[in-house]
Amino acid sequence: MIHLIPLMIERVGIVLIAAFLFSQVKSFRKLIEQHQGGRDKVLLILIFGLLGVVSNYTGIKIFPETITGNTWLMEVEPDSAIANTRIMGITIGGLLGGPVVGIGVGLISGIHRYFLGGFTATACAVSAVLAGGAAGYLGLWRKKRKSITAGYAVGVGVSMEAVQMLLILALTDPFSRAFRLVEVIAFPMIVVNGLGMLLFM
């Protein structure tokens, strides 16, 4: 479990570098800060959907007995799973762009994750869409009352990651294998993705 943390931090770094580069573009900053029309929402879906796809490709492959983190993932074997930063990008997209953006990003990231394969593919795809929608509604609710703070974003991100772990347990067979996986990946993914949310915001 502990061995995953430095590998996960590397993956968060990739997403944060991409986000930093986007943030240097004035049109992207305006997209985040101003009222978003239909075209703006499509652009946000594409941008954060791309971050989700990159997170899938740069995931850390978890075999039954080993962890492999040095390859660009094109396929996940049926007995394997991946630890990644996908939920971070989905949650940020939802918080900043609302439910439509969150669900759109979740669909792009989730469908891509499903076709990569692995025994958690269905659970990860479902959790991606649910996380995007939930983060979108939570972001909308928060904006009506006050601004989205870094602390609020971290809380939402950590919650979405925890929900993903529960869905892996609920939707993956056999349960014993899902439980062993969650034992290994839950703490690193929740903590590191929470840190990523904090740094992004």
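Mentor: Before we start, one definition: helices are DSSP runs of H or I with at least four residues, strands are DSSP runs of E with at least two, and they are numbered from the N terminus. Also keep in mind that this is a predicted model.

Trainee: Okay, where is proline 174 placed?

Mentor: Start with the peptide bond between aspartate 173 and proline 174, which is cis, with omega at about -10°. Most peptide bonds are trans. As for its place, proline 174 sits in the loop between α7 and α8.

Trainee: Let's move to threonine 85. Is threonine 85 buried or exposed?

Mentor: First find it: threonine 85 is in the loop between β3 (81-83) and α4 (86-97). Buried means under 20% relative accessible area. Threonine 85 has 0% relative accessibility, so it counts as buried.

Trainee: Which residue's side chain does threonine 85 join in a polar contact of 3.0 Å?

Mentor: Look at what threonine 85 touches beyond four places in sequence: Met8, Arg11, Val12, Val15, Ser55 and Asn193. One of those is also linked to threonine 85 through a side-chain polar contact of 3.0 Å. That partner is serine 55.

Trainee: And what is the relative accessible area of serine 55?

Mentor: Serine 55 belongs to helix α3. Leaving aside neighbours within four places in sequence, serine 55 is in contact with Val15, Asn84, Thr85 and Arg86. Serine 55 counts as buried because its relative accessible area is 2%.

Trainee: What about valine 53: how far apart are the C-alpha atoms of valine 53 and arginine 86?

Mentor: Valine 53 is another residue in helix α3, and it is buried, with a relative accessible area of 16%. Beyond four places in sequence, valine 53 is in contact with Ile108, Ser109 and His112. Valine 53 and arginine 86 are 33 residues apart along the chain, and their C-alpha atoms are separated by 7.6 Å.

Trainee: Now the rings. What is the angle between the planes of tyrosine 57 and tryptophan 72?

Mentor: The whole structure has 3 aromatic pairs. In the pair formed by tyrosine 57 and tryptophan 72, the ring centres are 5.1 Å apart. Tyrosine 57 is in helix α3 (residues 38-57) and tryptophan 72 in the loop between β2 (67-68) and β3, so the pair ties together parts that are 15 residues apart in sequence. The pair is stacked, and the angle between its planes is 20°.

Trainee: What is the relative accessibility of glutamine 164?

Mentor: Glutamine 164 has its place in helix α7 (residues 150-171). Its contacts, not counting residues up to four places away in sequence, are Arg86, Ile87, Cys124, Ser127 and Met189. Glutamine 164 counts as buried because its relative accessibility is 1%.

Trainee: How does phenylalanine 187 count: buried, exposed or partly exposed?

Mentor: Phenylalanine 187 lies in helix α8. Its C-alpha atom is separated by 9.3 Å from that of alanine 162, 25 residues away along the chain. Buried needs under 20% and exposed over 50%. At 42% relative accessibility, phenylalanine 187 therefore counts as partly exposed.

Trainee: Last topic, the pockets. What is the volume of the largest pocket?

Mentor: Rolling a probe the size of a water molecule over the atoms shows where empty space is left. For the largest pocket, the volume comes out at about 310 Å³.

Trainee: Of the residues that line the largest pocket, which are the closest to its centre?

Mentor: The helices α1 (4-23), α2 (26-33) and α8 (175-200) each supply at least two residues of the lining. By class, the lining has 10 nonpolar, 1 polar and 2 charged residues. Of the 13 lining residues, the closest to the centre are Ser23, Ile32, Leu96, Phe200 and Met201.

Technical notes: Residues are numbered from 1 along each chain as its sequence is written. This is a predicted model: local features need pLDDT of at least 70, side-chain atom pairs count only at pLDDT 80 or more; totals for chains, interfaces and linings use all residues. Side-chain values use heavy atoms; hydrogens and water are left out. On a 1 Å grid over the protein atoms alone, a cavity is a set of points where a 1.4 Å probe fits but cannot get out, and a pocket is an open set with protein on both sides within 12 Å along at least five of seven lines; lining residues have an atom within 4 Å of a point. Grid points are joined across faces, edges and corners, and a volume is the space filled by probe spheres set on the points. Ala, Val, Leu, Ile, Met, Phe, Trp, Tyr, Cys and Pro count as nonpolar, Asp, Glu, Lys and Arg as charged, and the others, Gly among them, as polar. Buried means under 20% relative accessible area, exposed over 50%, partly exposed in between (1.4 Å probe, protein chains only). Contact means heavy atoms within 4.5 Å. A polar contact is a pair of N or O atoms within 3.5 Å; within protein, one must be able to donate a hydrogen and the other to accept it, and residues adjacent in sequence count only if both atoms are side-chain atoms. Rings of Phe, Tyr and Trp (its six-membered ring) pair if their centres lie within 6.5 Å; planes under 30 degrees apart count as stacked, over 60 as edge-to-face and the rest as tilted.
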